[in-house]
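This report sets out computed features of one structure.

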Amino acid sequence: MRFTKWNFVMLVLGNLIYMADLIVDIWVSVNFFYEGQHIFGILAVSFVLIAAGVVQCFSFMWYKEDFQKTGQKRLSCSLLIHCFQGGIFTRYWFALRKGYCSAFQCGSDPTNFSTPSREEPTDLHQKVINEAADLSMLRLFETYLEASPQLMIQLYVLMEFGPAGFTQVAAIVISCCSISWSTVDYHITLRKSLPDKKLLSGARPRLMYLLYKLLTFVSWVLSVSLLTVLNVNLGLILLFIFWLSGITWACKQQTTFCTSKGMEILYRVVVGFILIFTFFNVKGENTKFPMSAYYIMRLLVTLGILAVFWFCTPPDEHQDFFRAVTLIIVGALLLGILFLIVYYTSFHPNRSEEKKIFDELDGRTPPRACRIRHFLMQLYS
């Protein structure tokens, strides 16, 4: 498996989107305080800090596991870097340097610094692919823990208080780009990092996957934002129920992503939060029925929210605005489900042609014990 120039460009672009999203989120938080909307400012800052803390925590634990496997003792320096929120930037630095060397055929690895992957593969291309896989997982954590709640706050402010300014529009656009990019990049990197999986190649499969995820996501956050405008408590209760259901499902699946019990609990909490916004299969098992149940429930809840909202008729001066939002919700949901069906029936790599994925319960050793193998493996049956 080779790390190509296109993969390097994707890695650079992912880094730029990550930084742009972070900058805009801080900008939005400051703007909330400047305009006297202190509650929204506190919420925005809280999501930034929580997401950053969780990402740095997972990044450090992965470094710790990898250092222990290779017998290296540099944990104090790594811990200090992560305490100052530099873990993910350090990973980007090493990944970009090694990625440039791999993609542009440098004579040797320019970095002899210790950034070990799980198996320390001798192939530089495989090293970079493994590190890019770790980064894609961290971006996915950060995106759904920070960008998704930030987007809902922006939509609520827009619906509740009227026309959006440039800051709100920029935050909404950047959040959507960040969410879309991290989701698609994760799915592509997942399949590339696993040697027993077929690659998701070609523009059309990626476009179908992007549209399916983006449209179903947009429909859902708009629906929840409408409910929150109607009654904040109802919106929060709905989100909490989905979060609790996601955590329960992750626990029922008996995930084994982390080596420590505490980190495994944190992982399941993060999984539950991600499941509020989109579907993932937490153990790479058959997804046909769980996915169907998930989107049927989402469809019913969305229709229920719209029915309740229009039963409690909005003010006359906002009728046209909320009518347009309703049409966007319905259209995005139907199109998203349509793209989902098209993707899985026509463009998803054929599972029957792939090698069997070994489960840890089988007592067999998988060909490459990559971190991402135990994560949210989006497979279709």
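## Cysteines

A disulfide is defined here as a pair of cysteine sulfur atoms within 2.5 Å. By this rule, the count of disulfides is zero. In general terms, a disulfide is a covalent bond between the sulfur atoms of two cysteines.

Accessibility is classed as buried (under 20% relative accessible area), exposed (over 50%) or partly exposed in between, with a 1.4 Å probe and protein chains only. Cys-101 is buried, at 2% relative accessibility, whereas Cys-312 is partly exposed, with a relative accessible area of 37%.

## Basis of the model

The model is predicted: local features need pLDDT of at least 70, and side-chain atom pairs count only at pLDDT 80 or more, while totals for chains, interfaces and linings use all residues. Residues are numbered from 1 along each chain as its sequence is written, and side-chain values use heavy atoms, with hydrogens and water left out.

## Overall architecture

Secondary structure is taken from DSSP runs numbered from the N terminus, with helices (H or I) of at least four residues and strands (E) of at least two. The chain has 11 helices and zero strands, and its pattern along the sequence is α-α-α-α-α-α-α-α-α-α-α. Of the 381 residues in the chain, 52% count as buried.

## Salt bridges

A salt bridge is a side-chain nitrogen of Lys or Arg within 4 Å of a carboxyl oxygen of Asp or Glu. The structure holds four of these. One of them joins the side chains of Glu-131 and Lys-98, at an N to O distance of 3.4 Å. Because Glu-131 lies in helix 5 (residues 124-161) and Lys-98 in helix 4 (residues 87-103), this pair ties together parts that are 33 residues apart in sequence. Both Glu-131 and Lys-98 are buried.

The side chain of Arg-139 meets that of Asp-185 at 2.0 Å, N to O. Arg-139 and Asp-185 are both buried. A further salt bridge joins Arg-268 and Glu-264, with their closest N and O atoms 3.7 Å apart. Both residues of this pair lie in helix 9 (residues 261-277), four residues apart, or about one turn of the helix. Arg-268 and Glu-264 are buried as well.

## Nonpolar cores

A nonpolar core is a set of buried Ala, Val, Leu, Ile, Met, Phe, Trp, Tyr and Cys residues joined through side-chain atoms within 4.5 Å. The largest core has 76 residues, of which Phe-58, Phe-141, Leu-151, Leu-226 and Phe-277 touch the most other members. Helix 5 gives the most to this core, with 18 residues.

Domain bounds come from an automatic or database domain assignment. The core draws at least three residues from each of domain 1 (1-106 + 122-174) and domain 2 (194-350 + 370-380). A second, separate core of 19 residues includes Tyr-212, Phe-279, Ala-332 and Tyr-343.

## Nonpolar surface patch

Patch residues have over 30% relative accessible area and no salt bridge; like charges are joined within 9 Å, and nonpolar side chains (Val, Leu, Ile, Met, Phe, Trp, Tyr) within 5 Å. Accessible areas come from the Shrake-Rupley method with a 1.4 Å probe; for residues, only the protein chains shown count as cover. Phe-33, Ile-42, Val-45 and Leu-49 make a nonpolar surface patch of about 350 Å². Helix 2 (residues 38-70) supplies the largest share of the patch, three residues. Leu-49 lies in helix 2 and is exposed, with a relative accessible area of 59%.
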